[in-house]
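Good morning, and thank you for the time on the agenda. I would like to take you through one model, element by element and then at its contacts.

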Amino acid sequence: MSARKVLQGNVIIAKAALAAGCDFFAGYPITPSSEIAQYMSKEMPKLERTFIQMEDEIASLGACIGASLAGRKTMTATSGPGFSLMQEHIGMAVMAEVPVVIVNVMRGGPSTGMPTKPAQADMMQARWGTHGDHPIIALYPAFAEEMFSETVRAFNLAEKYWNPVILLSDEVLGKAHMDVEIPEPGSYEVFWEKPRQIIDLNIYDRNIGENPPRVDFFHGYPIHIDGLEHDAHGWPSFDAKTVDKMQKLRMEKIYQHLDDIIRYKEYFLDDAEVLVFSFGISARSALPAVKAAREQGIKAGLFQALTVWPFPRAALQERFKKTKKVLTVEMNMGQMKYEVERIAPPGVEKQTLLRANGMSFSPDEVLNAIKEMVR
Amino acid sequence: MRDYEKYIRYRTFPTPWCPGCGDGVILKSIAMAFAELNLDPDDIVVVAGIGCSGRMPTYFNTNTLHTTHGRALTFATGIKLAKPEKLVVVISGDGDATAIGGNHLIHAARRNIGIKMILINNGIYGMTGGQVSPLTPPTFFTETTPYGNIEPHFRIRLLLTAAEASFVARETVNRLTQLKQVIKKSFQHKGFSVVEVMSNCHVNLGRRNKMKSPLVMTEYIKDITMSMADFEKLTPEEQESKYPLGIFVENTNRLEYTDLYYNHIVPVAQGSGARGDK
């Protein structure tokens with residue numbers, strides 16, 4: 001039986017992680033994400049799963065990667081400053097192809113910024129925060145049920161593509177209590193990689209575009225995992241041809257499976273004159289705004305990105321064939337608007353509603369911005 | 001084939017270490033300790049950070065993980081928690097373990113998580129070309145202390161004792177048999193263990209301090225190290241530049257972290273009534 005409950009956003013994420021099979025959590029307290037760690041500390045030992053509070057966020061993600069290599073499904077949760085500290089290990093997880101889910105409950109920045117105020121200002125950091133070219137998957141739910149479903153999906157994608165997955169949230173979604181339907185186990189997909197017999201050291205040997213098989217320790221044949229660039233055996237290698245192939249393997253395992261990874265929601269877009277592009281807490285204000293606009297005879301629609309990275313480029317481009325006005329609504333000084341501008345054809349009018357002062361948008365503000373565009 | 005050779009991954013040779021480097025002795029003594037305990041190579045994982053020491057795992061025919069600078073203990077903590085029955089060994093240099101990774105070192109000691117750390121003290125950042133480390137002795141010349149080092153060095157024995165480490169020892173690369181013995185003993189210890197190994201970097205520390213051959217440098221290590229009994233006879237001033245050897249702390253009363261978690265916390269949580277959502 002599914003159950004209707006009133007739960008805090010952070011707790012929905014924690015519950016969904018348990019439902020997705022998360023059996024290892026390492027974290028460090030930081031506002032506004034701490035309830036995730038608190039919930040895990042209470043529930044994990046009941047299920048004979050593992051919780052540990054580490055000495056900092058670097059250590060937290062390090063422990064998750066270690067546990068992941070020992071066969072666990074792992075997660076950590078943090079916010080701005082902690083997410084900054086984790087960047088090096090996100091790169092390590094990409095390089096060694098280790099699944100891990102990293103929750104970033106976004107707060108006002110830069111620096112210590114505004115710990116108790118929401119922001120959507122780590123969008124580009126989620127994409128490019130760690131050094132070097134790398135693929136990344138980032139998901140960002142907005143509505144209560146999505147907090148659950150996208151968390152489960154984050155684990156599935158991490159496990160399937162052997163890559164870190166960043167689950168974005170924000171201070172409002174994290175702290176707000178919401179009416180949510182927790183689905184019945186079995187009614188949603190939980191991906192488990194079949195245990196693999198390792199018989200040689202060439203653990204990274206595969207064709208470009210292929211999903212990587214699980215490469216963890218203790219399967220009867222000792223293997224080597226490295227944060228250095230490596231060959232198919234995991235040995236450090238700076239040979240140009242080898243590096244070229246390994247980089248392609250890591251990128252294409254994501255970019256050749258965009259249909260599986262990218263998810264978005266479209267509201268009232270079929271005849272829309274104005275397309276509102278938004279995500280997370282801002283999308284929650286944008287949906288009632290487009291509904292109100294419709295009531296007033298304005299043909300507005302909402303494109304809500306659930307997968308923010310890789311960017312849902314193809315789906316948006318399809319919409320721009322008919323809709324010639326786009327309004328990007330985000331709680332920052334302008335980040336994802338550049339992605340929209342990059343793909344919108346020259347004939348499309350591009351406007352933004354941006355703010356990074358810790359105040360989320362009201363539906364009225366979004367409605368007014370829509371009205372400005374059709375005046 | 002000698003019995004310890006099954007723990008060596010010859011196909012990854014040669015190593016990147018300079019001729020005469022102490023790292024080879026340490027590699028061999030660890031492999032010998034594995035052999036004496038007759039461990040299955042797949043039941044071992046060797047984790048390291050960055051630096052000359054960081055390359056060592058590659059050469060063990062066990063599960064091996066080369067991580068980020070200073071953070072090997074954090075990865076090892078995750079592995080040990082996930083698979084408490086496995087032997088989790090961390091190899092770390094002095095820069096890796098006590099500068100960038102200093103925080104993780106004291107917290108692993110405080111937790112008493114059953115990770116076996118081999119801390120190679122050659123008093124210098126070797127791989128980056130010879131910069132001062134937190135274990136470089138005062139007055140020594142390095143690439144970043146061209147006028148002499150003005151900082152005191154950490155005393156690992158005292159630092160770890162204060163952090164309540166349950167096994168702390170020191171040996172040197174000059175004494176292979178003793179080194180292997182103490183490493184083996186640390187592997188048999190239940191909690192967190194650190195074996196500090198005094199090693200020679202004649203290329204990047206010795207060369208700038210009138211000890212450019214490995215023989216001169218290992219002779220220097222012999223001069224500055226001694227038994228605890230001899231060390232205690234010295235005046236406090238004399239002690240400052242000397243290093244006692246042996247096992248300093250071996251506390252078997254402290255419970256190991258994963259033992260506490262799985263055998264204490266888990267039953268308490270499960271006895272509390274309500275079960276979480278699965």
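Some conventions belong here. This is a predicted model, in which local features need pLDDT of at least 70 and side-chain atom pairs count only at pLDDT 80 or more, while totals for chains, interfaces and linings use all residues. Residues are numbered from 1 along each chain as its sequence is written, and chains are lettered from A and ligands numbered from 1 in the order in which they are written. Helices (H or I, at least four residues) and strands (E, at least two) are DSSP runs numbered from the N terminus. Axes are lines fitted to C-alpha atoms, for helices over the stretch in contact, and angles run from 0 to 180 degrees between N-to-C directions. A contact requires C-beta atoms, placed from the backbone, within 7 Å.

Two strands pair if DSSP finds at least two bridges between them. A:Phe277 has A:Phe303 in strand 13 of chain A as its bridge partner.

Next, the domains. An automatic or database domain assignment supplies the bounds, and chain A is divided into domain 1 (3-182) and domain 2 (265-374). The contact between them takes 25 residues from domain 1 of chain A and 20 residues from domain 2 of chain A. On the side of domain 1 of chain A that touches domain 2 of chain A, the largest share, four residues, comes from helix 6 of chain A. That side divides into 18 nonpolar, two polar and five charged residues. Here Ala, Val, Leu, Ile, Met, Phe, Trp, Tyr, Cys and Pro count as nonpolar, Asp, Glu, Lys and Arg as charged, and the others, Gly among them, as polar.

What of the interior? A nonpolar core is a set of buried Ala, Val, Leu, Ile, Met, Phe, Trp, Tyr and Cys residues joined through C-beta atoms within 7 Å; buried means that 20 or more other C-beta atoms lie within 10 Å of a residue's own. The largest such core has 183 residues, and A:Val276 and B:Ile118 have the most contacts inside it. Helix 7 of chain A gives the most to this core, with nine residues. Both domain 1 (3-182) and domain 2 (265-374) of chain A give residues to this core, so it lies between them.

Now to the two chains together. How many residues of chain A are in contact with chain B? There are 43 residues of chain A in contact with 35 residues of chain B. Helix 3 of chain A gives the most to the chain A side, with nine residues, and that side divides into 26 nonpolar, eight polar and nine charged residues. Strand 10 of chain A pairs in the parallel sense with strand 2 (residues 63-66) of chain B over three bridges, and A:Asp226 stands opposite B:His66.

That pairing belongs to an open sheet of nine strands, in the order 10(A)-2(B)-1(B)-3(B)-4(B)-6(B)-5(B)-8(B)-7(B), with mixed pairing. Strand 10 of chain A and strand 7 (225-227) of chain B stand at the edges with a single partner strand each, so one side of each is left without a neighbour in the sheet.

Finally, helix 2 (residues 72-82) of chain B runs at about 180 degrees to strand 3 of chain B. The axes of helix 2 and helix 4 (residues 102-111) of chain B come within 8 Å and cross at roughly 35 degrees.

Conventions: Two residues are in contact if their C-beta atoms, placed from the backbone, lie within 7 Å. A residue is buried if 20 or more other C-beta atoms lie within 10 Å of its own, exposed if 12 or fewer, and partly exposed in between; C-beta atoms are placed from the backbone.
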